[in-house]
Structures are given as structure tokens and as C-alpha cells.
Amino acid sequence: MLEVADISDIELKQRWRLYWIQSVFEFSNLRLQRMSWIEASEVSWPDEPWESSFEACNDAYFESLDLYDQYEKAVERTYVTPDEAEHAKSFHQLALAYIEPDDDPVLILGDETWLEVVEAAKEFWEYLKTHVDAPREKELIKKLENEFPL
């Protein structure tokens, strides 16, 4: 039988994973980045505005999810599988090493090095789409892709 503490641990893990999936999606979707980082006030949002910026995107992934350690804690906490961490490696390393050329999001979105980060995130996103099996995660992936097609 599950203890109350166990249930909260399960819910914490589920919330972490949903936030993680959403964060990876933002990295993988150049169109969404343009919409939220540059055109936010001009966009007709499908639901509610996706309020973000380059800094917010990075903070959500690295700070909020505590992923500076190359997924060591996330694997240890069983938030991700070792296989997921391994598939995230290329994207993660490129994103961690990326230094924006300027504060201007137009310059970031046109930067070839940033486009490499986005491409690696797309590859990881494709992996996630075919490997997550939790219903809430599948539902989120479908919702994100319907609202913000690549």
C-alpha cells in the first residue's frame, strides 16, 4: 500500500516530467521561440500566451529542473531513465555550452550555433515522442504539437 509521502513523490515526479517535456519542446520549436520571444503581443495564441524569452527558456530547463549536472540527479531520483538521459546528452551539452551573441532574440534565432541546439532538441523531442508511455505525458506532447506545429 502507498503511503501519503509516496503519493506526493509520484506526483512530484509526474509534474517534473511534464515541465521537462514542455521545456524540451520549447527548445525544439523555432516557430514557438519566434512567437514567444519576438512576436508575443502580435500572436493569436491557441489557448493562453506562452510567455518566454531566451533567458526564461534556459532557466526553465537548467535552473527549474536542476539539470546542470548532465542528468545525474534526475536519473538518481528516477525522474528520467538512463536511456532518456543518454538520448538527451547531445542536446543538453549544446544547450549548456551555447553563449548567445547578443540579448536580441532576433540575433539568437538567426545564430547558426543556436540552430544546432534547436536541431539537437528536435532529435531528442522525436525520441521522447516515441518513448514516453505515461498517458499525461502523451497527452501533453499531443497538445503541444497541435497548438504549435513545427
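Where is the place of W16? W16 sits in helix α1. Helices here are DSSP runs of H or I with at least four residues, and they are numbered from the N terminus. The model is a predicted one, in which local features need pLDDT of at least 70 and side-chain atom pairs count only at pLDDT 80 or more, while totals for chains, interfaces and linings use all residues. Residues are numbered from 1 along each chain as its sequence is written, and side-chain values use heavy atoms, with hydrogens and water left out.

W16 counts as buried because its relative accessibility is 10%. Buried means under 20% relative accessible area, exposed means over 50%, and partly exposed lies in between (1.4 Å probe, protein chains only). Residues up to four places away in sequence set aside, W16 touches L65, L67, A74, Y79 and V80. Contact means heavy atoms within 4.5 Å. W16 and L150 are 134 residues apart in sequence. Their C-alpha atoms lie 24 Å apart in space.

S28 also belongs to helix α1, which covers residues 4–28. At 0% relative accessibility, S28 is buried. Its side chain reaches the backbone oxygen of F25 at 2.8 Å. This is a polar contact, defined as a pair of N or O atoms within 3.5 Å; within protein, one atom must be able to donate a hydrogen and the other to accept it, and residues adjacent in sequence count only if both atoms are side-chain atoms. Neighbours within four places in sequence aside, S28 is in contact with Q33, V118, A121, K122, W125 and L150.

The loops come next. Q70 is found in the loop between α3 and α4. Its phi is positive, about 60°, although Q70 is not a glycine. Q70 is partly exposed, with a relative accessible area of 34%. Y71 lies in the loop between α3 and α4. Y71 has a positive phi of about 75° and is not a glycine either. Is Y71 buried or exposed? At 1% relative accessibility, Y71 counts as buried. T78 is placed in the loop between α4 (72–76) and α5. T78 has a relative accessible area of 48% and is therefore partly exposed. The C-alpha atoms of T78 and L96 are separated by 22 Å. Along the chain, these two residues are 18 residues apart.

Helix packing was examined next. Two packed helices are described by the angle between their axes and the distance between the axes. Axes are lines fitted to C-alpha atoms, for helices over the stretch in contact, and angles run from 0 to 180 degrees between N-to-C directions.

Helix α3 (residues 54–64) packs with helix α5 (residues 82–97) at an angle of about 120°. Their axes are 11 Å apart. The two helices are therefore oblique to each other. Angles under 35 degrees count as roughly parallel, over 145 as roughly antiparallel, 65 to 115 as roughly perpendicular, and the rest as oblique. The crossing of α3 and α5 is left-handed, meaning that the near helix is turned anticlockwise from the far one by less than a right angle; clockwise would be right-handed. From α3, the contact involves N58, Y61 and F62, and from α5 it involves F91, H92, A95 and L96. These residues divide into 5 nonpolar, 2 polar and no charged. Ala, Val, Leu, Ile, Met, Phe, Trp, Tyr, Cys and Pro count as nonpolar, Asp, Glu, Lys and Arg as charged, and the others, Gly among them, as polar.

Helix α2 (residues 30–37) and α7 pack at about 120°, with axes 10 Å apart. That makes α2 oblique to α7. L30, Q33 and W37 of α2 meet W114, L115 and V118 of α7. By class, this contact has 5 nonpolar, 1 polar and no charged residues.

Helix α7 (residues 112–131) also packs with α8, at an angle of about 135° and with the axes 10 Å apart. That makes α7 oblique to α8. The crossing of α7 and α8 is left-handed. W125, L128 and K129 of α7 contact I141, L144 and E145 of α8. The contact of α7 with α8 has 4 nonpolar, no polar and 2 charged residues.

E137 is placed in helix α8, residues 135–147. E137 is buried, with a relative accessible area of 6%. Residues up to four places away in sequence not counted, E137 touches R17, L18, I21 and V132.
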